Amino acid sequence: RAFTARRSIREYSARPLSAQVLADLLWAAFGINRPQSGDRTAPSWRHAIETEIYAVMAEGVWRYDPGRHRLLPQLRGDIRAQTGTQDFPATAPLNLVYAANGDRMGNASAEDKRLYASVDAGCIGENVYLFCASEGLATVFRASVDRDALARTMRLDRSRFITFAQTVGYPKG
């Protein structure tokens with residue numbers, strides 16, 4: 001059923017996600033599903049586990065900490081409009097921003113780091129799609145992001161770079 005319902009949706013209700021839905025979504029995205037090894041719900045290039053997920057909501061920005069399964073405050077204020085070049089991210093209840101910590105990727109070239117981190121983010125994004133489809137949520141995975149400006153706004157250090165964003169919410173109507 002989730003595969004049948006899986007699709008990209010770009011119109012969202014302003015209805016916020018509950019704390020439980022947000023927690024379940026983040027775990028499905030890239031949570032730890034094998035506590036003994038620390039392995040995740042999505043693959044990672046050479047087990048670098050370089051991708052970090054930031055939850056951007058009206059109240060601010062939080063980084064998901066899978067080890068403790070909690071959100072850590074990153075930034076106050078509403079920067080949802082900066083997570084995309086379209087109009088809908090500014091009013092959707094949640095935008096996920098996928099950023100890679102390049103330092104975790106060893107001596108791969110900058111080009112390879114971007115490529116591998118993008119593939120990993122795509123796998124995480126597909127987990128989000130399937131979760132959303134199973135829960136009646138809407139989502140769309142987006143490359144239309146001014147990555148450098150958003151990284152500056154989010155105060156990411158130089159080792160981190162944004163790969164993609166993904167909007168999540170309840171469908172409009």
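## The sheet

Two strands pair if DSSP finds at least two bridges between them. Strands (E, at least two residues) and helices (H or I, at least four) are DSSP runs, numbered from the N terminus. In this predicted model, 6 strands form an open sheet in the order 5-4-3-6-8-7, with antiparallel pairing. Strand 5 (70-76) and strand 7 (138-142) stand at the edges with a single partner strand each, so one side of each lacks a neighbour in the sheet. From one strand to the next, the twist averages 25°.

Strand 3 (residues 51-57) pairs with strand 6 (residues 94-101) in the antiparallel sense, over 6 bridges. Tyr-54 has Val-97 in strand 6 as its bridge partner.

## Helices on the sheet

Contact means heavy atoms within 4.5 Å. Helix 2 packs on the sheet and touches strand 3, strand 4 (60-65), strand 5, strand 6 and strand 8 (160-169). Helix 3 lies across strand 3, strand 6, strand 7 and strand 8.

## Helix against helix

Val-21, Asp-24, Leu-25, Ala-28, Ala-29 and Phe-30 in helix 2 meet Ile-124, Asn-127, Val-128, Phe-131 and Cys-132 in helix 3.

## Basis of the values

Residues are numbered from 1 along each chain as its sequence is written, and side-chain values use heavy atoms, leaving out hydrogens and water. Local features need pLDDT of at least 70, side-chain atom pairs count only at pLDDT 80 or more, and totals for chains, interfaces and linings use all residues.

Key. Axes fitted to C-alpha atoms, helices over the stretch in contact; angles between N-to-C directions.
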